[in-house]
Amino acid sequence: MTSHRSYASSSASPSESERPDGGAGDATPDRPAGAAAPSAETRTGVAGEDSWFERMTAFESVLIAGGVVLFLVLLYEMEVPPQDGSFLNPPLVAIAGAILLWPLRRHQTVRALLLAGGALLLLWTMNQVAGILVMFVGVYLFAYLLNPAVSHLRTNYRIPRWLSSLIAALLAVGVVVLFVLLLAPNIANQIDALSQRVVGGVDSLRAWLATSAILDSLEQAGVVEKQEAISQMQQFVQQQARQLPEAAERLARSLGSLLGFVTLLALVPVLIFYTLKDYPAIRDSLIGLFPTAGGRRDYLVEAGSIVGRYLRGQLVISAIATFNVSLFLFIFDVPFWLLIGLMAGVLNFIPNLGAIATMIIGGLIAFIFGGLVKALILVAVLLGQGLLEQSLLTPNIMSYQVGLHPVLVLFSLLVFGSFLGIFGLLIAVPATAILTTAYRAYREELTLELSDYASPDEANGANTRPNA
């Protein structure tokens, strides 16, 4: 009976090799004997792509091929400037690609293609309207910096937000107008004088090089040709000197016509007022565009607080540096005192490298056009300003902790500067602070998620562990 039941049992069950999904004890090249068979969900997820492509109809294949072709056309239209009278442009190509691929949007491959095209179109559009975006970004930055003053007036003095926003906007616009009316003409005159003196000094440089024994020695050694080296140096200096007034002319041309300038001048105060008045709602809307970490966006609040204190404190210190350096250089009659003072204030935003660049460029200007004594005076003034910042201004004004190592700061300056130039150097520190804060939030969220899979003993130990 025992053997009969065993035989019946074995015969009643189909052989492992005949099972459609393979038995638990069946050995395959990918799965050893005794291993559990993969679940239906796993088999579906692994073979989803292959089965979808197998079931794909000819019409769907044509749609996907057309979407890929239009994606390549989109890349070409973004890279090559359109000719006059050309009908195609990136938005039209993107719309055509979206229409083709929309019926198949539920598939992962098609969604990835749509997202890639949408991201490229968004970046291209931002590049096309960069001039308008710069104005709105500047207005938002003004509102971001002035918002604490508006909140202070509203909280402590019970002034309505619209009235405090109007006061702050008028004060900000008034400061800018005073700067343009009082300092802009002097800056333009000094730039023009500097370029003229550089061009006028080219002949002196050429005469000095012609009588110098350095080039004669190099020419005898076969390193350089004297006349060719003199000609190239003269051409380089003249080219660099002409860029100063040309830059001023390009800036004037970029302002456009008088009507456009007046319109812009009238529009900016209105934008600052409305942005300040509704700043909390605008800020919350912008924060909502960023991804969450564990359903929260605390890292954005922390990063915004760090960057806000950094920018406000750095603006105050830069303004003090500009005033002090310009004043002392004016008292000691150092040439181009206003240009050097403004350069010291602007480059103060660049940690470490800014002070070195100011010292080198300002020292060369003072030495060439004022002599050794003026150069030494400039170095002494810059060293005194640096000592004042480190001992008094930075500890009392910069009430923030960026939390960045000096090596990381220098690395970020070099990376951002290589990609974005001077603008990258200015935003390197706050941008790195935002990135590191976001990374810390992501790392903490990942740690919290992994703790859900820990054993009970490890979880209890992690909960009772004192905070660092």
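1. At roughly what angle do the axes of helix H7 and helix H8 cross? The model is a predicted one, and in it the axes of H7 (residues 130-156) and H8 (residues 161-182) cross at roughly 135°, coming within 9 Å. Angles over 145 degrees would count as roughly antiparallel and those of 65 to 115 as roughly perpendicular; H7 and H8 are therefore oblique to each other. The crossing in which H7 passes H8 is right-handed.

2. On the side of H7, the contact is formed by Phe-142, Leu-146, Asn-147, Val-150, Ser-151, Leu-153 and Arg-154. These meet Arg-161, Ser-164, Ser-165, Ala-168, Ala-172 and Val-176 of H8. Sorted by class, the contact comprises seven nonpolar, four polar and two charged residues.

3. Ser-165 counts as buried because its relative accessibility is 0%. Its side chain reaches the backbone oxygen of Arg-161 at 2.7 Å. Not counting residues up to four places away in sequence, Ser-165 touches Val-150, Phe-273, Leu-276 and Lys-277.

4. Leu-276 belongs to helix H12 (residues 258-277). Is Leu-276 buried or exposed? With a relative accessibility of 0%, Leu-276 counts as buried. Neighbours within four places in sequence left aside, its contacts include Leu-146, Asn-147 and Val-150, as well as Arg-161, Ser-165, Ala-168 and Ala-169.

Conventions:
Residues are numbered from 1 along each chain as its sequence is written. This is a predicted model: local features need pLDDT of at least 70, side-chain atom pairs count only at pLDDT 80 or more; totals for chains, interfaces and linings use all residues. Side-chain values use heavy atoms; hydrogens and water are left out. Axes are lines fitted to C-alpha atoms, for helices over the stretch in contact, and angles run from 0 to 180 degrees between N-to-C directions. Helices (H or I, at least four residues) and strands (E, at least two) are DSSP runs, numbered from the N terminus. Angles under 35 degrees count as roughly parallel, over 145 as roughly antiparallel, 65 to 115 as roughly perpendicular and the rest as oblique. A crossing is left-handed if the near helix is turned anticlockwise from the far one by less than a right angle, and right-handed if clockwise. Contact means heavy atoms within 4.5 Å. Ala, Val, Leu, Ile, Met, Phe, Trp, Tyr, Cys and Pro count as nonpolar, Asp, Glu, Lys and Arg as charged, and the others, Gly among them, as polar. Buried means under 20% relative accessible area, exposed over 50%, partly exposed in between (1.4 Å probe, protein chains only). A polar contact is a pair of N or O atoms within 3.5 Å; within protein, one must be able to donate a hydrogen and the other to accept it, and residues adjacent in sequence count only if both atoms are side-chain atoms.
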